[in-house]
Amino acid sequence: MRQLSVDEVIGELRSGMTIGIGGWGSRRKPMALVYALAKSDLTDLTIVSYGGPDVGILCALGKVKKLVYGFVSLDSIPLEPHFRVARQKGTIPEVVELDEGMFQLGLRAAAWNVPFLPTRAGLGSGVMDVNPHLKTVECPYTGEELVAMPALKLDAAFVHMNRADARGNGQYLGPDPYFDDWFCMAADKAYMSCEKLALEDAAIQTRLINRTMVDAVVLAPGGAGFTECPPDYPRDEAAQKAYAATAKDPEAFRAWLEAQ
Amino acid sequence: MSLGDICALACAETFKGDGNAMVSPMAPIPKLGAKVCKALWEPDLVLTDGVATIIDLDGEVEGWMPFSRVFDTLWNKKRHVMMGATQIDAHGNQNISCIGDFAKPKVQLLGVRGAPGNTICHPTSYWVASHSAKVFVERVDMISGIGTDRGAAEIRRVVTNLGVFDFLGEGGRMRVVSLHPGVERAQVEAATGFGLAWPDEVPVTREPTADELAALDRFDPERKIRSRVEA
C-alpha cells in the first residue's frame, strides 16, 4: 500500500474531477486533505458530500462547479454560513440537492457497479422537480413507481479514520462509521488519512476499511480538526466559530485559510 | 400549569401507539414529549442520543443506531419522526430546504435532509414553536417532506404554540384537533395562510394530570425546556 503526504494526494488529482468527501456535517471530515485541496489550483470540481465545512470552504473559494449533497451543516451551527452565502449569491453553477438516503444509495450503486438503485425516497418531493435528470422506474414485479437513484461515481474519495496501518486497513473508534466505506468503494481512487499509523486492539468490526477499498494511506494527526474525531478529540467549537465568522468577509476568509 | 407543559404533553400524545418504533424528535419540546410518552405509556419506544446510540430514560446506552441503520429503520417503516418546518401547507407538505427560488434562494436553509424519505415511509409529525402565516403558507417554496396529497405515509399531528392539528380534513387537509387554553379561533385563522378544517365544537387541549406533570418535571427539572415556549 502506498503511503503519501497530503500534498502528494492533491498532486494526483486534476481540475474537473468528481471528489467524494467522507464524514458527516462537522464530524470526522478529512480536513487535512480538504485544506490542501482548497489551497491547490484545482478547480471546476464536482463535490459529493454529506456537507460540512468541506463544502463551505470549497464553495467560498469558487472551486465547485457542481455540488451534490443532502444537507450542509456545521451541527452546532446548524446552517453552514459559507454555503449559505454561495447559494444566496448564486455562485455554485450546479447543485444537486438529494434526500440523505438517496445520496447513500447513489454511493452504493456506484460501489456495487449498477447504474441505479430503486427507492421510494424522493417521490413526490421537490427533489424530483429541481433535479430533472432524476428518473423513476416501474417495478417489473408490482408495477409501482420508484425513484431510480443514479450511481454517484467518484474519481476520488477522501476519508479520515482514527487509525490505519501501512497495509491499508482503516479503523474508526467513534460511534458512527458514517458512509466512509461506501465513499471509498464508489471511487476510482480512495485516499484514507488517519490520526495514527497503528491499529488499536478494539473489536474487529471497528476495522471498517480494508485495502481493496483504498489506494493510499496518509498520516495526518489532527487531520479532521476542527471537526470532531472521537475518541481522539472533540469538535473545536471556538475554531469552528472563527471559521464561521469569516463568511461575510472574503479577505478574512482567505487569511483564515492561509493559517490552516 | 404553563403553555410549555401543554405543548410537551401534546407532543407526548403523538407518540402513543408507536410501540417499539424508533422515535426521532428533533427539538427540545418534542424530545421531552417523547421521554414522557416512553415513561408513561410506551416503554418500548426507541430513543437515541441524536448521535449513534440508543439510550434509555436514564441516559444509559442500550444499543447502536448509526446513520446507516437509521436509514434501514426508516425504510423499514419502524420510525416516527417529529421534525420542524420553516414552511408547511394545508396538506402537510413541509419545507426545510430554502426560501425563495431554489435556483438562487433568498435564504438557504438546511437542504431537504431526510424529509422526503421519512414522509413517504413512516409516520411524521411536526412541532412549530411559533405558529404564524409565514410558516403555514398556501404553497411551500421547496417540498422537502411530502404531504397527504403527494403520497405521505402518515402526517399524524402538528403541534404548535396555539394548538394541535391533524390532516383528517376533507381531501387530507389540515384540521384543528384542539386549541390550547385561552387561544381564540380568530387568532389561529389570522396566523394560518390557508383555510383550516374546523370541528363543530373546538376542544381545548388538555392539561397534564399530576402524574403527567411529575413525568414532565422528571425530564425537565428546572423547566428550562418548557419555559421557552411562548404564546
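Predicted model: local features only at pLDDT ≥ 70, side-chain atom pairs only at ≥ 80, totals over all residues.

Trainee: Now a helix, please. Is helix 2 of chain A mostly covered or uncovered?
Mentor: Here is the general idea: an α-helix has 3.6 residues a turn, so residues three or four places apart point the same way. In our case, helix 2 (residues 31–39) of chain A is mostly covered, with seven of its nine residues buried. The buried ones are A:M31, A:A32, A:L33, A:V34, A:Y35, A:A36 and A:L37. Among the elements they pack against are helix 1 (6–11), helix 3 (53–60) and strand 9 (154–164) of chain A.

Trainee: And how do I read a strand? Which residues are on the covered face of strand 6 of chain A?
Mentor: Take the two faces separately. In strand 6 (residues 116–119) of chain A, A:L117 and A:T119 make up the covered face, while A:F116 and A:P118 are on the uncovered one. Then look for the partner: strand 6 pairs with strand 8 (residues 145–150) of chain A in the antiparallel sense, over four bridges. Within strand 8 of chain A, A:A148 stands opposite A:P118.

Trainee: What should I look for when two helices pack, say helix 1 and helix 2 of chain B?
Mentor: Check the angle, the distance and the residues that meet. Helix 1 (residues 3–14) and helix 2 (residues 28–40) of chain B pack at an angle of about 60°, and their axes are 7 Å apart. Because of that angle, helix 1 of chain B is oblique to helix 2 of chain B. Their crossing is right-handed. From helix 1 of chain B, the residues in this contact include B:C7 and B:L9, and those from helix 2 of chain B include B:I29 and B:V36. By class, the contact has 10 nonpolar residues, one polar and no charged.

Trainee: What is the strand order in the open sheet of six strands in chain B?
Mentor: The order is 1-5-10-11-12-13, with mixed pairing. Strand 1 (22–25) and strand 13 (175–179) of chain B are the edge strands, each pairing on one side only. From one strand to the next, the twist averages 15°. Helix 2 of chain B packs on this sheet, where it touches strand 1, strand 5 (79–83) and strand 10 (123–128) of chain B.

Trainee: Last one: is B:K106 buried or exposed?
Mentor: B:K106 has 10 of them, so B:K106 counts as exposed. You will find B:K106 in the loop between strand 8 (98–99) and strand 9 (107–108) of chain B. Setting aside neighbours within four places in sequence, B:K106 is in contact with B:I99 and B:G100.

Terms used. Residues numbered from 1 in each chain as written. Chains lettered and ligands numbered in written order. Buried ≥ 20, exposed ≤ 12 C-beta atoms within 10 Å, placed from the backbone. Pairing = 2+ DSSP bridges. Axes fitted to C-alpha atoms, helices over the stretch in contact; angles between N-to-C directions. Parallel < 35°, antiparallel > 145°, perpendicular 65-115°, else oblique. Left-handed = near helix turned anticlockwise from the far one by under 90°. Contact = placed C-beta atoms within 7 Å. Nonpolar A, V, L, I, M, F, W, Y, C, P; charged D, E, K, R; others polar.
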